[in-house]
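Morning, everyone. Please look at the structure on the screen while I talk.

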Amino acid sequence: MSLKKVFITFILFFSMQGLSSATFAKEVKKNMPDVLKEVDAKIQVALDAIPAGNAQEVAELVKAANENAGELSANYKFEFERDKAQAKLKKARDAAKKSDLSTAEQELKGARESFANLKNFL
């Protein structure tokens, strides 16, 4: 192999490494208890918005809590219980979309309790 081919090979190798450095970057993960606190706070905001009677706002707040809950990940049992809690949030959102705020409130309270119990699975 000539010196020219070796040089070109090294140049291509290092340029590819420079271009693909983003693929090697580690994702910054949040601390699980902090995410649980954020989810609880968002559920509380949704519960506080129920007396105002704005079903669309409640649905959006529940959606935000559910999206934040998607960041939670630890182990199989934890994720299984998280999915059950997220199902309650989905039911609350569907009820809020139908302007059934009493059912939405019950589901939100159940979801809040389920998320509080997730600390046992960490």
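**Helix packing around α5**

Let's start with a crossing. Helices α4 and α5 cross in a left-handed way. Keep in mind that this is a predicted model.

How is a helix pair described? Two numbers do it: the angle between the axes and the distance between them. For α4 and α5, the crossing angle is roughly 165°, and the axes come within 8 Å. Angles over 145 degrees count as roughly antiparallel. So α4 and α5 are roughly antiparallel to each other.

Who makes the contact? From α4 we have Arg82, Ala85, Gln86, Lys88, Leu89, Lys91, Ala92, Ala95 and Ala96. From α5 we have Leu101, Thr103, Ala104, Glu107, Leu108, Gly110, Ala111, Ser114 and Phe115. Sort the residues of this α4 with α5 contact by class, and you get ten nonpolar, four polar and four charged.

Now the loop between α4 and α5. Serine 99 sits there. Its phi is near 65°. That is a positive value, and the residue is not a glycine. Is serine 99 buried or exposed? The cut-off for exposed is over 50%. Serine 99 has 53% relative accessibility, so it counts as exposed.

Next, α5 with another partner. Helix α2 covers residues 32-49. It packs with α5 at about 165°, and the axes are 10 Å apart. Therefore this pair, α2 and α5, is roughly antiparallel. The crossing of α2 past α5 is left-handed.

The α2 side of the contact is Leu36, Val39, Asp40, Ile43, Gln44, Ala46 and Leu47. The α5 side is Glu105, Leu108, Lys109, Ala111, Arg112 and Phe115. By class, the α2 with α5 contact has eight nonpolar residues, one polar and four charged.

Let me pick out two glutamates. Glutamate 105 is in helix α5, residues 101-117. Beyond its neighbours within four places in sequence, glutamate 105 is in contact with Leu47 and Ile50. The relative accessible area of glutamate 105 is 30%, so it is partly exposed.

The other is glutamate 81, in helix α4, residues 76-97. Why does glutamate 81 count as buried? Buried means under 20%. Glutamate 81 has 16% relative accessibility, so it counts as buried. Setting aside residues up to four places away in sequence, glutamate 81 touches Leu118 and Phe121.

That's my tour. Thank you.

Notes:
Residues numbered from 1 in each chain as written. Predicted model: local features only at pLDDT ≥ 70, side-chain atom pairs only at ≥ 80, totals over all residues. Heavy atoms only, no water. Helix = DSSP H or I, 4+ residues; strand = E, 2+ residues; numbered from the N terminus. Buried < 20%, exposed > 50% of the residue type's maximum accessible area, 1.4 Å probe, protein only. Contact = heavy atoms within 4.5 Å. Axes fitted to C-alpha atoms, helices over the stretch in contact; angles between N-to-C directions. Parallel < 35°, antiparallel > 145°, perpendicular 65-115°, else oblique. Left-handed = near helix turned anticlockwise from the far one by under 90°. Nonpolar A, V, L, I, M, F, W, Y, C, P; charged D, E, K, R; others polar.
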